[in-house]
Amino acid sequence: MNDETELSECVECGGVTEPQKMTIDEWWGEELFLFEKVPVRVCRDCGEVYIAADVAKRLETEMQTKSHCYRQVSVPVVAYEEMAA
Ligand SMILES: [Zn+2]
């Protein structure tokens with residue numbers, strides 16, 4: 001029994017999930033973190049993304065310690081109301 005087995009079937013639609021590596025964005029308080037090449041499972045049918053518990057735990061630890069952060073990016077922030085005005 002491991003996380004891989006648990007995550008092989010999509011909870012949302014019952015479809016098959018497959019392993020992929022993708023960039024995960026995660027807010028920690030006021031800070032947005034980008035994690036590159038995170039091993040996840042993605043549903044072939046509905047696109048739902050699953051992160052194994054041990055991987056999620058690792059991301060959380062990193063957000064607290066930032067011990068592996070290798071660069072910073074700035075992102076544009078836009079209020080939709082301003083665009084529509
Ligand atoms: Zn699905």
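Predicted model: local features only at pLDDT ≥ 70, side-chain atom pairs only at ≥ 80, totals over all residues.
Residues are numbered from 1 along each chain as its sequence is written.

The secondary structure of the chain consists of three helices and three strands, where helices (H or I, at least four residues) and strands (E, at least two) are DSSP runs numbered from the N terminus. Taken along the principal axes, the box filled by the C-alpha atoms is roughly 50 × 40 × 20 Å.

Of the 85 residues, 6% count as buried; a residue is termed buried if 20 or more other C-beta atoms lie within 10 Å of its own, exposed if 12 or fewer do, and partly exposed in between, with C-beta atoms placed from the backbone. Among contacts between residues at least 6 apart in sequence, 51% join residues at least 24 apart, a contact being a pair of residues whose C-beta atoms, placed from the backbone, lie within 7 Å.

The three strands form an open sheet in the order E1-E2-E3, with antiparallel pairing. E1 and E3 stand at the edges with a single partner strand each, so one side of each is left without a neighbour in the sheet. Two strands are taken to pair if DSSP finds at least two bridges between them. Strand E1 (residues 17–28) and strand E2 (residues 31–43) are joined in the antiparallel sense over eleven bridges, and two bridges join E2 to strand E3 (residues 49–50), again in an antiparallel arrangement.

Thr-17 stands opposite Cys-43 in E2, Glu-18 is set opposite Val-42, and Trp-27 has Leu-32 as its bridge partner in E2. Val-42 also stands opposite Val-49 in E3. The hairpin of E1 and E2 has two residues between the strands, and Gly-29 in this hairpin takes a positive phi near 60°. The hairpin formed by E2 and E3 has five residues between its strands, and Gly-47 in the turn has a positive phi of about 85°.

E1 is hardly covered, as one buried residue is counted among its twelve residues. Trp-27, which is found in this strand, counts as exposed, with 9 C-beta neighbours inside 10 Å. The C-alpha atoms of Trp-27 and Met-63, 36 residues apart along the chain, are separated by 8.9 Å. Tyr-50, by contrast, is found in strand E3 and is buried, with 20 other C-beta atoms within 10 Å. Between Tyr-50 and Pro-19, 31 residues apart along the chain, the C-alpha separation is 9.3 Å.

Helix H2 (residues 53–65) has 13 residues, which at 1.5 Å a residue should span 18 Å, and its end C-alpha atoms are 19 Å apart, which agrees; the expected span is 1.5 Å times one less than the number of residues. H2 is also hardly covered, the count of buried residues among its 13 residues being zero.

Most residues other than glycine have a negative phi. Lys-37, however, has a positive phi near 50° although this residue is not a glycine. Lys-37 is placed in strand E2 and counts as exposed, with 10 C-beta neighbours inside 10 Å. Lys-66, likewise not a glycine, has a positive phi of about 50°. This lysine follows H2 and lies in the loop between H2 and helix H3 (80–84). Lys-66 is exposed, with 10 other C-beta atoms within 10 Å.

Key: Contact = placed C-beta atoms within 7 Å.
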